[in-house]
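Hi,

Here is the structure I promised to pass on. Have a look at it first, and then read my notes below.

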Amino acid sequence: MAVGGGKIKSIGAAQSPLLGFAMFSPALLYIGLLIGAPFVLAVFYAFSDARIGGGEMHYVGLENFRSILQSPSFRKALENSIIFTICAQIIVMVCANILSIALEKPFRGRGLVRFLILLPWVAPVSLGTIGWKWILDSIYSVITWVLVWLHIVKPYSGPYWLGEAKLAMASVILVHCWRLIPFSTVILLAGRTAIPKEIPEAAAIDGAGFWRTTFQINLPIMTPILSVAVLFGTIFTFTDMTVVYILTAGGPYDSTQTLPSLAFATGIQGSDLAAGAAISLFLVPVLIAIAYLMLRVAHRSEVI
Amino acid sequence: MSDKKGKGVSRRDFIKIAGASGIAAGALGPAFLFPERAAAQQKTLKILQWAHFVPAYDKWFNETFAKQWGEKHNTTVTVDNINLTELNTRAASEAQAKKGHDIFMFLSPPAAYEKQVIDMSHVYQEVEKKHGKKIDLAHKSTFNPKTKKYFAFSDSYAPDPGNWHKDWWTEAGFPNGPDTWEDLRVGAKKIKDKTGIPCGLGFSQELDTSMALRALLWSFGGAEQDEAGNVTINSKGTIEALKFAKALYQETETPIVFTWTPPSNNQAMLGGQVSYVANAISITRQAEREKNPLNSKIMISRALKGPVRRIAAEHVMNCYVIWDFAENKDGAQQFLIDYIDAFHDGFVAGQFYNFPCFPKTVPNLKQEIAKDDRADPANKYAVLGDVLDWATNVGYPGYATAAIDEAFKTWVIPTMFAKVARGDSSPEDAAAAAEKEYKRIFDRWK
């Protein structure tokens, strides 16, 4: 770098538009091929009569949307997607906050505890969910076995974690929470350690207790990072089909069906590609709203 | 200065070796770099089918029949066996990518794929020349009456009998097991009241449940469609079937039946946790193979009789398709034709799981199944001798059309029954909701 006459001259390559484009292109390619192209294809299918195995397609306007809106399974899936996401996020935020407070101060074995807490996030979601399916299995559930062994419930009388609508919904939410709590904990822990120590110390000198420090000082300071955790968690839960597909396959009787799992069942398994695409497009408005909020939060807090 | 007697290589030797290597590389290089070209001399045939519930069948099919057929026809035959729950997803990806196996086997009629598979009329004709006419169940499961096209070829089907625990049913006053749906309700209630052990007829969104509940629906006079393909689900027969299902569930079952996956009822029956399930003979075969202590207790019975008829769906319907993008269509057709010549060997290797769609391939079926050395008692499977009197196709009394296929794969029937069984919907409302859903699906496939 050369300095002369008060002006900074950069070495040419650093400002070369070609280099910038080359560095940017992998991301562009990734977004274009793996997100953009499937999205455009989904829009295309949603306005057509595309079938798996069908040779030709025709434009059918809004017919697919009219058809799926009549389906009770679709209405239930939409309702469930919202319920699962909201419930999971409330539980995740409460637990992640508690864990981040507990893990902030040094103690013996903190590294090991942090590692164990992080495991559900780093393990593949499908493997984790298969593990939960065994734990909650209707015949061989280890939880039910323990309850029977403790004489809390009678043999053959349940509880059937995946067989009763409310328990199945609770099970799906539980697995989502199990998966997302580590992720949110790590984010909140990072936010908490970034709070200047002088602020809570000054508050303590002024007589603020634990609850007051938490709710009137720490949480307001952490709002931007908290929002990022909530928004990411919402996207992960709202768009996930692995947990439902493996755990309940949408059952019992569609009571845990979500938009992604119904789109898969209708479009791929049921061969009605157009209806499946139309169902999946109902995710888009919510995801756009979340993306907009995320960008706003990121901008305000200067995360990027 | 080089030492010729040493271990080094002289320039002359080097040139000789290099020359020989060059010639060898010239000859073998393309084979190394482009193995697909080298293999062009030998044809390939790729087959995908389920991992059979009786592993001995896969061993015979993959290692004996397919291997010998390949050697005879100078063809490398590869057989991929996958879990039955993944068949539809895999088929969808192959059909969309227009790439995959030459022969693909479904376990239910795949009418939705008609436009991407070749007409199997030729295969049927060639097989019928040698082995006589196919059964009506195969015709109704693989033929589209509108386009007059056979979209699949069915070699076999698996019966869907009842599986019941001999001791418990004898104590309940039914030493030969339940014969009617009413017997099932009465006997299973007695067993549950006495032992706490429930009946295991499924109400879940899966294959076994779909077949069992269709049997219940038809036995009470209900049906998804009529012979002409008009939606008829909202009928008096359906409502009666739904009322019965609600009573059956509430008196004899637990919510465990809402969680069934295809292997679940096998596990529950073999674990002595349910008194009755509707399933193929995979349960008893597994009991024999694993020397399960319940082997001699689990018995087989015909389809249950309802107020209108005794009827059941086939448990699985083997439906082979040849994709129109298959690379070896001729070989695929010949393979299926020759496979029927060897069907009897497959019938034996599969331990009678797959019953023939061409009855002449197993002319002494009744005698063969009536005495089985593996079974305890040896005549356990004799009851399946008249299976064609009570087994029918998905879509009965009509054809297994693309609309029926979508309704089957999106679990409309199990959902209708389960909502009523749980008391979340009245029989009338559930039948009306199912009618709406069927009409919506049928409209989409017009």
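Predicted model: local features only at pLDDT ≥ 70, side-chain atom pairs only at ≥ 80, totals over all residues.

A definition to start with: two strands pair if DSSP finds at least two bridges between them. Helices (H or I, at least four residues) and strands (E, at least two) are themselves DSSP runs, numbered from the N terminus.

Residues are numbered from 1 along each chain as its sequence is written, while chains are lettered from A and ligands numbered from 1 in the order in which they are written.

Sheets in chain B

Strands S11, S6 and S13 of chain B make an open sheet in the order S11-S6-S13, with antiparallel pairing. S11 and S13 (355–356) are at the edges with a single partner strand each, so one side of each has no neighbour in the sheet. S6(B) and S13(B) are joined by 2 bridges and run antiparallel. Tyr157(B) has Phe355(B) in S13(B) as its bridge partner.

There is also an open sheet of 4 strands in chain B, ordered S2-S1-S3-S12, and its pairing is mixed. S2 (75–82) and S12 (319–322) are its edge strands, each pairing on one side only. From one strand to the next, the twist averages 20 degrees. S1 (residues 43–50) runs parallel to S2(B), with 8 bridges between them. Opposite Ile47(B) you'll find Val79(B) in S2(B). Helix H4(B) packs on this sheet and touches S1, S2 and S3 (103–106); its direction makes about 145 degrees with that of S3(B). (Axes are lines fitted to C-alpha atoms, for helices over the stretch in contact, and angles run from 0 to 180 degrees between N-to-C directions.)

Domains of chain B

Chain B is assigned domain 1 (42–158 + 316–370) and domain 2 (162–314 + 397–444); such bounds come from an automatic or database domain assignment. Taken over C-alpha atoms, the centres of the two domains are 28 Å apart. Their contact takes 24 residues from domain 1 and 14 residues from domain 2, where two residues are in contact if their C-beta atoms, placed from the backbone, lie within 7 Å. On the domain 1 side, H6 (136–142), S4 (143–144), S6 (156–158) and S11 (316–317) of chain B each give two or more residues. H6(B) gives the most, with 3 residues. That side has 16 nonpolar, 6 polar and 2 charged residues. (Ala, Val, Leu, Ile, Met, Phe, Trp, Tyr, Cys and Pro count as nonpolar, Asp, Glu, Lys and Arg as charged, and the others, Gly among them, as polar.)

Where the chains meet

The contact between the chains takes 36 residues from chain B and 31 residues from chain A. On the chain B side, H4 (87–97), H11 (264–270), H16 (402–409), H17 (412–421) and H18 (427–444) each supply at least two residues. By class, the side of chain B that touches chain A has 12 nonpolar, 15 polar and 9 charged residues.

Chain A

Chain A has 13 helices and 2 strands. Along its principal axes, the C-alpha trace of chain A spans about 75 × 60 × 30 Å. Among contacts in chain A between residues at least 6 apart in sequence, 68% join residues at least 24 apart.

Cheers
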